[in-house]
Amino acid sequence: MTQTSVARIGILTASDRASQGVYEDLSGKAIEQVLTEFLASKWEKVYRLIPDDRPTIERTLKELCDEEGCALVVTTGGTGPARRDVTPEATEAVCEKMMPGFGEQMRAVSLKVVPTAILSRQTAGIRGKTLIINLPGKPSAIRDCLEAVFPAIPYCLDLLEGPFLQGSDTAPKVFRPKAK
Amino acid sequence: MTQTSVARIGILTASDRASQGVYEDLSGKAIEQVLTEFLASKWEKVYRLIPDDRPTIERTLKELCDEEGCALVVTTGGTGPARRDVTPEATEAVCEKMMPGFGEQMRAVSLKVVPTAILSRQTAGIRGKTLIINLPGKPSAIRDCLEAVFPAIPYCLDLLEGPFLQGSDTAPKVFRPKAK
Amino acid sequence: MTQTSVARIGILTASDRASQGVYEDLSGKAIEQVLTEFLASKWEKVYRLIPDDRPTIERTLKELCDEEGCALVVTTGGTGPARRDVTPEATEAVCEKMMPGFGEQMRAVSLKVVPTAILSRQTAGIRGKTLIINLPGKPSAIRDCLEAVFPAIPYCLDLLEGPFLQGSDTAPKVFRPKAK
């Protein structure tokens, strides 16, 4: 199961305004920074910045999974209750399996910071051999949420027969259960 | 985004027995009392008492959202595992988006009181510009659950371009994140 | 509502390897042991050991509910993210109602033991008068999860007009709310 290949990780920012250049995509940047800090094993990013449009999000997720061969795709943006927030629906539409534990834990962690965390509709799921995780839009919340779920991500990729991720010394400790 | 219009709030009780007059609808009354206590801004109730019948619940939810123009609809009843408990299914059927954080938090809060809280299937979702929230049937649990989710409701309605709700001095503190 | 009939409880192990005899079904055995310890009222097990094949799981669940008349069906295996893990999907496909509180609580409890608990996709639901609960595959996790949800199971079966379960002295205390 130990593979030495470089892990490809998709970073997908869904944001009408950032994709139009109204402001900089600080959220996508925050994801890259946190992953760089947390991962000791080699990885390369596959980055996409697109509007909050459901067909576009679905098409881009499929491309990152099926064509770009990403083992992990992390999204930011579009998880709130507003009309243009459709990232969870797009994620569910392209996944064969949903992983409710990610959303539950991310909301539980964010809830310690702000009571409006219950408005976040973040989910996670699996398409083929790719784990897709929705993160919140706010850079500080991105760090909190990635910190909370990071320990389980490498083992999840093992189970999906993906690349072997290793955590850095400063990352939240990666956990791999002993084989049965 | 600040609107001074009166917020219309739907209170929907689904109960075979209360709707037949077998007993009084104490649950709907409890919701009204708690909202009266928690809201400082003006609101008016749009009340419906109907049987635990899925088509009737769906039709009434649509009416409260689309015709009565409620910014918020709060239901009580029909969230358990029994055969006639179908409120969550009716809610999901009329919503475009689900808000899983509400159910998670309400169950977590109720679980501190009774272990049977895990049997509650409460959910929440959005139809158009209306937030629909399922509350439990028991008046004391209604208060616990509303108390837990109230701080996030006004900001949710802001994001849905609804009326500007203000909390009273004795309400759980309303939270509105700073704009990005 | 008090029935003195013997409760039939289905124990369904979904495991490619155990069903091929590669190893013993310790998970199914663990469920039986824990239930024997927790239940004071009479029950009899209806046991099935099948591969991780979605149509087979669905067919077996239907058989345990509709033909064998189980009041409760407890599954083990197939709740992870791997390609052959399809028990939650099979469960959802045969249920009329989902019970999200079970999965939430089991993950919360398991999360105190291992951070990879968020990878578990366990769910629960109702088919006719039968409560179906997915448990994890690991025997120690089975005990932790059953311990966490056991107090709510007898009352759930009451609401489904099923047999009256009684907890043993050493079981986590069964809770039955007073009637309204």
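In chain B, helix H2(B) passes helix H6(B) in a right-handed crossing. This is a predicted model, and it scores ipTM 0.95 and pTM 0.96.

**The H2–H6 pair in chain B**
- Two packed helices are described by the angle between their axes and the distance between the axes.
- For H2 (residues 26–38) and H6 (residues 139–149) of chain B, the axes come within 9 Å and cross at roughly 35 degrees.
- On the H2(B) side, the residues making the contact are Leu26(B), Ser27(B), Ala30(B), Ile31(B) and Val34(B).
- Facing them from H6(B) are Pro139(B), Ile142(B), Arg143(B) and Leu146(B).
- Sort the residues of this contact by class and you get 7 nonpolar, 1 polar and 1 charged.

**Where chain B meets chain A**
- Chain B puts 17 residues into the contact, and chain A puts in 14 residues.
- Two helices of chain B, H5 (100–111) and H7 (153–159), each supply at least two residues of the side that touches chain A.
- H5(B) gives the most to that side of chain B, with 5 residues.
- What kinds of residues make up the side of chain B that touches chain A? By class, there are 13 nonpolar, 2 polar and 2 charged residues.

**Confidence**
- Chain A averages a pLDDT of 96.
- In chain A, 97% of the residues score at least 70.

Notes
Residues are numbered from 1 along each chain as its sequence is written. Chains are lettered from A and ligands numbered from 1 in the order in which they are written. This is a predicted model: local features need pLDDT of at least 70, side-chain atom pairs count only at pLDDT 80 or more; totals for chains, interfaces and linings use all residues. pLDDT is the predictor's confidence in each residue, from 0 to 100. Two residues are in contact if their C-beta atoms, placed from the backbone, lie within 7 Å. Helices (H or I, at least four residues) and strands (E, at least two) are DSSP runs, numbered from the N terminus. Ala, Val, Leu, Ile, Met, Phe, Trp, Tyr, Cys and Pro count as nonpolar, Asp, Glu, Lys and Arg as charged, and the others, Gly among them, as polar. Axes are lines fitted to C-alpha atoms, for helices over the stretch in contact, and angles run from 0 to 180 degrees between N-to-C directions. A crossing is left-handed if the near helix is turned anticlockwise from the far one by less than a right angle, and right-handed if clockwise.
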